[in-house]
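Biologist: I would like a close look at one part of this model. Please walk me through it step by step.

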Amino acid sequence: MSTLSERILGAAAGEYVDRKVDRAYAHDGTGVLALEAWKKMGGDRLGKETEYYLQFDHIAPANNSTTATLQHELRDFAHMTSMHFSDIGCGICHQLMSEGVVLPGEIVVGADSHSVTPGAFGAFATGVGATDMAGIWLTGETWFRVPESVGVNLTGKLSGAAEAKDLALNYVGRLGMDGATYQALEFIGEGAHHLSIDERLVLSNLSMEAGAKAGLFYADDVTVRYLKERGHAVLSQEPEDCSYRSEIDIDLADIVPLVAVPPRVDTVKPVDDLAGLSLDQVFVGTCTNGRYFDLARFARLVKGRKVAVRTIVVPASEEILKKAIRTGVLADLVEAGCTLGTPGCGPCLGYHMGVLGEGEVCLSTANRNFKNRMGVGGEIYLGSVATAAASALAGEITSPEAA
Amino acid sequence: MQGKGTAVCLPADIDTDVIIAGRYLRTKDRSIWATHVFEDLDPTLAARLKGAVIVAGRNFGCGSSREQAAIALREAGVVAVIAPSFARIFFRNAINLGLPLIESDLTCTEGSTVAFDISEGWVETDGKRHTIRPLSPRMQEILMAGGLVEYWRAHR
């Protein structure tokens with residue numbers, strides 16, 4: 001009897017295996033060093049039988065001529081090798097892989113730490129660095145240590161203003177930043193079936209912040225329906241009795257709005273404890289909370305009012321942007337005083353836009369609040385979309401339940 | 001693989017944003033990363049890394065997959081990093097670049113001499129020898145080759 005990771009990798013926890021990678025992806029950040037390493041390895045064509053993707057999301061569009069030149073080289077490489085290429089404006093790599101690309105049971109590797117995100121589809125999805133990606137470009141394979149797994153047993157349903165993000169911050173706070181290092185998280189229990197794909201992607205995404213190698217859901221009816229709408233006929237995955245290294249139980253009904261206090265994602269407190277903290281910026285977006293569901297929720301909460309602090313909203317993909325245009329969500333955001341960015345990672349990593357100044361404080365829906373990440377001397381509090389909306393309207397950290 | 005260096009002590013949960021900040025990533029000039037390594041933690045640290053063995057707390061290298069973190073340490077002259085545990089992507093990155101990582105629970109004395117032999121599986125400091133958690137055979141092969149680029153150049 002096996003965990004889902006053991007089943008997909010075809011070996012028991014603790015074993016080392018070489019496996020063909022079904023889908024491999026990189027972005028404009030990691031792609032540069034990967035290309036350099038691949039050339040040094042003697043690469044001239046891509047490994048067979050693997051689908052390769054390159055997505056420009058980290059600095060999109062380019063902010064200066066150095067970045068533009070690096071992106072130019074990468075773009076040429078993508079065209080030369082005929083890999084799937086998504087230029088600036090298409091969206092965040094993890095989101096693009098989640099819009100009907102990654103399928104249950106696949107082995108997926110991305111050159112970015114949040115490549116755990118498509119684990120929401122019942123795939124074994126994990127992150128590597130640039131040189132590992134170069135090796136995969138070369139051979140289509142890589143080595144894995146089959147991870148032990150932590151069972152995250154979910155019961156009940158989210159209630160009140162609580163979101164999947166609050167649930168994710170809850171388990172990261174409980175496990176700690178390295179609580180799942182070298183291990184995979186498996187989200188199990190009847191509570192998992194109540195979560196939409198958008199919500200599952202949030203939970204899989206944050207598994208990285210507990211140090212996990214992967215964060216998996218078993219494909220169920222929700223997964224099958226989502227992928228059917230995108231042209232794929234897939235089967236659900238039935239869990240087997242298996243042994244988890246440890247288990248944690250979470251009743252979704254107990255989840256309340258939470259905030260992660262800088263500089264650690266595992267310093268998690270109820271929003272109420274920080275109520276009144278003055279803000280300079282609110283950011284809604286990223287591979288954690290930049291999906292249509294999030295934008296529509298934020299728009300609904302701020303519609304007809306004005307934000308009291310500068311608020312940047314960045315859709316995670318072009319598909320999301322188009323839908324937000326069609327449904328009027330984008331107009332509501334702009335009317336409420338929000339500033340919009342090109343689909344991509346936006347200000348999350350402090351490279352090129354929405355950077356914080358010395359002493360400034362941001363409430364962000366992203367997944368990291370490390371020291372100086374969004375700008376030297378800036379502080380990042382992480383929270384849900386509803387917390388971001390209530391806080392944007394008040395100009396200070398505000399519980400969505402108080403609004 | 002053997003080595004020796006001067007201990008530089010660091011706390012637990014050192015993330016890759018702190019090793020090399022995002023604002024320095026957009027270049028291929030490796031000397032920039034070596035110059036600005038650990039800038040947001042301690043601006044004087046970069047100058048003390050030549051010949052250093054970093055002895056850190058658990059979960060070293062957590063966060064972003066940026067390989068520039070491991071490159072910055074290597075280019076700054078770090079001989080090896082010792083910690084009770086490493087974040088897994090940083091672990092792979094460092095070995096792929098030929099930077100030795102050693103999993104061991106060591107008490108750090110700033111400035112003391114630290115010697116190690118990864119093949120024999122020990123690290124020695126303050127006159128005491130400690131065992132280390134061995135690298136997997138594949139990781140040892142990659143490290144001995146000098147990194148993954150050299151490994152694949154030899155194996156294809």
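Biologist: Take helix H5 (residues 130–139) of chain A and H6(B): at roughly what angle do their axes cross, and within what distance do they come?

Modeller: The axes cross at roughly 20 degrees and come within 10 Å. H5(A) is therefore roughly parallel to H6(B), a label for angles under 35 degrees, with over 145 called roughly antiparallel, 65 to 115 roughly perpendicular and the rest oblique. Axes here are lines fitted to C-alpha atoms, for helices over the stretch in contact, and angles run from 0 to 180 degrees between N-to-C directions.

Some ground rules. This is a predicted model, in which local features need pLDDT of at least 70 and side-chain atom pairs count only at pLDDT 80 or more, while totals for chains, interfaces and linings use all residues. Residues are numbered from 1 along each chain as its sequence is written, and chains are lettered from A and ligands numbered from 1 in the order in which they are written. Helices (H or I, at least four residues) and strands (E, at least two) are DSSP runs, numbered from the N terminus.

Now the residues that meet. H5(A) brings Thr131(A), Asp132(A), Gly135(A) and Leu138(A). H6(B) answers with Leu148(B), Val149(B) and Trp152(B). Contact means that C-beta atoms, placed from the backbone, lie within 7 Å. By class, this contact has four nonpolar, two polar and one charged residues. Nonpolar covers Ala, Val, Leu, Ile, Met, Phe, Trp, Tyr, Cys and Pro; charged covers Asp, Glu, Lys and Arg; the others, Gly among them, are polar.

Step back to the whole contact of the two chains. Here 34 residues of chain B are in contact with 41 residues of chain A. On the chain B side, helix H1 (16–19), helix H4 (88–96) and helix H6 (148–155) each supply at least two residues. H4(B) gives the largest share, five residues. The classes on that side are 10 nonpolar, 10 polar and 14 charged.

Helix H3 (residues 68–75) of chain B packs its buried residues against H1, helix H2 (30–36), strand S3 (80–83) and H4 of chain B. Seven of the eight residues of H3(B) are buried. Buried means 20 or more other C-beta atoms within 10 Å of a residue's own, exposed means 12 or fewer, and partly exposed lies in between, again with C-beta atoms placed from the backbone. Among the buried ones are Ile71(B), Leu73(B) and Arg74(B). Just after H3(B), Gly77(B) takes a positive phi of about 100 degrees.

Chain B also has a run of hairpins. Strand S5 (residues 113–117) of chain B joins S6(B) through four antiparallel bridges. Pairing requires at least two DSSP bridges between two strands. Four residues lie between S5(B) and S6(B), and Gly121(B) in the turn has a positive phi of about 85 degrees. Strand S6 (residues 122–125) of chain B then pairs with strand S7 (residues 128–131) of chain B, antiparallel, over four bridges. Two residues separate these strands, and Asp126(B) takes a positive phi near 50 degrees. Thr125(B) is the bridge partner of Val114(B), and Thr125(B) stands opposite Lys128(B) in S7(B). In a regular strand the side chains alternate between the two faces of the sheet.

Chain A is divided into domain 1 (4–145), domain 2 (149–254) and domain 3 (258–394), with bounds from an automatic or database domain assignment. The C-alpha centres of domain 1 and domain 2 of chain A lie 23 Å apart. Their contact takes 18 residues from domain 1 and 25 residues from domain 2. On the domain 1 side, helix H1 (4–9) and S6 of chain A each give two or more residues. S6(A) gives the most there, three residues. That side divides into eight nonpolar, nine polar and one charged.

S6(A) also belongs to a sheet. This open sheet of chain A has five strands in the order S4-S3-S2-S5-S6, with parallel pairing. Strand S4 (84–86) and strand S6 (124–127) of chain A are the edge strands, each pairing on one side only. Neighbouring strands are turned by 15 degrees against each other on average, direction ignored. Helix H2 (residues 30–40) of chain A packs on the sheet and touches strand S2 (23–27) and S3 of chain A.

Conventions:
Contact = placed C-beta atoms within 7 Å.
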